[in-house]
Amino acid sequence: MRRLARLLVPLLAVPLVTGPAMAEARPLARYYSQHLAWSGCGGGFECADLKVPLDYGKPNGEQLKIKVIRLKASGKDRIGSVVLNPGGPGGSGVDYAKAAKTVVSPQIRARFDVVGFDPRGVAGSSPVHCVTSKQMDRYAALDSTPDTPAEAKALRAGAKEFADSCKARAGRILAHVGTADAARDMDVLRAALGDKGLTYLGKSYGTYLGATYADLFPRNVRTMVLDGALDPTLSSFKLNVAQAKGFEVAFAAFAEDCFKAQDCPFAGSTADAAFAETAALLKKADKKPLRNTQDKRKINESIAVMGILTPLYDHQAWPVLRIALKQAFKGDGTILLRISDLYYERKDDGSYSNQTDANLAVNCLDHPTTRNPAVYEKQAREAAKIAPHFGAYIGGGANPCVYWPVKATGKDRALHAKGAPPILVVGTKRDPATPYAWAQALATQLKSGVLLSYDGDGHTAYRTGSTCVDKAVDAYLIGKSVPETRDC
């Protein structure tokens with residue numbers, strides 16, 4: 001990014017950082033020297049607004065307000081703040097921090113202020129709003145595996161409508177919601193919190209945000225846990241294909257576990273049989289929507305597959321998926337619809353959070369995508385061949401990035417964070433959303449990357465049931481000690 005400014009304040013007014021970080025801070029002294037005005041916002045939490053420039057190349061121009069929340073350390077031996085990001089992109093860090101009692105351990109809460117923030121474009125921080133609730137209903141229900149020219153045309157039209165609506169309703173901010181800008185905001189937040197070094201816990205997409213931060217500000221890292229890592233070298237297409245394969249691994253694990261349960265809905269007793277029965281269900285929903293006892297929406301193939309994939313994120317949700325499939329095999333897709341609504345953050349009144357809008361806005365800016373619909377559709381067919389069960393859904397569907405009004409500014413490249421202290425990368429071996437191979441790749445790319453492997457199921461590992469992982473992460477965050485045992 002361009003940095004155009006003059007140093008108008010004494011050096012002592014800016015944070016004491018060196019190297020690239022100093023070059024970043026000098027034109028931005030008024031941001032780095034700000035003091036957060038905390039006020040109570042319920043439940044023992046305090047909230048504040050962090051001021052950042054809309055465009056870091058024009059620090060004297062328009063400003064944004066970033067919503068920040070904290071839960072102060074419960075113990076007397078406070079170390080500093082631990083900043084959280086739940087992933088997405090599009091996930092609210094404020095909401096995530098509100099769940100601090102489950103998100104981090106009592107030991108971490110005792111030693112650190114738990115801090116969450118909504119990244120720019122998300123939730124309370126100048127949110128990107130693209131479509132109406134009715135438009136979002138239509139978008140979620142678009143036939144992601146078109147069988148006819150008419151269905152293919154409708155899919156393209158739906159993707160274009162989303163992109164055009166983003167340009168009309170959020171065009172001012174679309175060029176400034178990329179991960180690099182969010183990482184710069186995080187360094188301003190670090191300084192405003194009074195921390196010399198950033199202590200950070202990022203999950204899923206939050207690992208990409210954290211790695212980007214470490215690459216930009218390696219000497220400003222204190223400790224950093226990247227749990228459920230993304231491989232920053234992969235294109236959108238490769239990310240989608242790998243994720244589709246990851247969900248297939250997770251579904252097979254779910255099926256094997258299901259066969260041990262009395263309420264398992266599958267007639268067969270092998271993973272292949274479970275895949276076949278599920279494929280038949282989705283084909284049935286494609287021809288005739290499943291029964292819906294909730295409202296008047298149609299539960300078609302796209303809604304049903306989202307209801308199936310979402311519980312695979314968390315092995316604790318597998319019992320719910322068993323019940324949902326049991327009902328769906330009888331023709332009732334209501335529970336699958338409810339699960340799909342949870343994924344898209346659809347509220348009881350029919351409105352949505354801006355999670356999908358923000359997710360697309362960030363991804364379209366971060367990852368170069370073909371602008372040729374024919375090329376994208378060819379990629380979707382390739383995805384279906386590589387991952388035969390879920391590739392068509394995850395690697396295809398409506399992609400507004402093909403029609404996005406702003407060109408991508410990010411690059412798919414390795415992030416090295418040269419000069420950073422040890423960075424702990426956590427990988428779960430049967431993670432459906434961020435395959436284990438991505439954690440291996442990121443840990444290798446980071447000059448100081450250390451891989452902690454968890455032989456488990458579900459998306460991410462810390463605070464999901466592994467005492468081994470929890471102890472290793474806590475010891476690292478508190479004492480900066482790299483785990484001696486790298487396998488849990």
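Reader: Which residue in strand 5 does V83 stand opposite?
Author: Keep in mind that this is a predicted model. Strand 4 covers residues 80-85, and five bridges join strand 4 to strand 5, with the two running parallel. Across that pairing, the residue in strand 5 opposite V83 is V115.

Reader: And where does D113 sit?
Author: Strand 5 spans residues 112-117. That stretch takes in D113, so its place is strand 5.

Reader: Is D113 buried or exposed?
Author: The relative accessible area of D113 is 3%. Buried means under 20%, so D113 counts as buried.

Reader: Which side chain does the side chain of D113 make a polar contact with?
Author: Start with what D113 touches, leaving out residues up to four places away in sequence: R70, L71, K72, A73, R78, G80, S81 and V82. From side chain to side chain, there is a polar contact at 2.9 Å, and the partner of D113 is R78.

Reader: In what order do the nine strands of the open sheet come?
Author: The pairing in this sheet is mixed. The edges are strand 1 (39-40) and strand 9 (449-457), each pairing on one side only.

Reader: What angle does helix 8 make with strand 2?
Author: Helix 8 (residues 179-192) lies across strand 2 (46-53), strand 3 (63-71), strand 4, strand 5 and strand 6 (198-203). Its direction relative to strand 2 is about 125°.

Reader: What about helix 18 and strand 8: what angle do their directions make?
Author: Helix 18 (residues 436-445) packs on the sheet, where it touches strand 7 (221-227), strand 8 (423-430) and strand 9. With the direction of strand 8, helix 18 makes about 160°.

Conventions: Residues numbered from 1 in each chain as written. Predicted model: local features only at pLDDT ≥ 70, side-chain atom pairs only at ≥ 80, totals over all residues. Heavy atoms only, no water. Helix = DSSP H or I, 4+ residues; strand = E, 2+ residues; numbered from the N terminus. Buried < 20%, exposed > 50% of the residue type's maximum accessible area, 1.4 Å probe, protein only. Polar contact = N/O pair within 3.5 Å; in protein donor to acceptor, adjacent residues only side chain to side chain. Contact = heavy atoms within 4.5 Å. Pairing = 2+ DSSP bridges. Axes fitted to C-alpha atoms, helices over the stretch in contact; angles between N-to-C directions.
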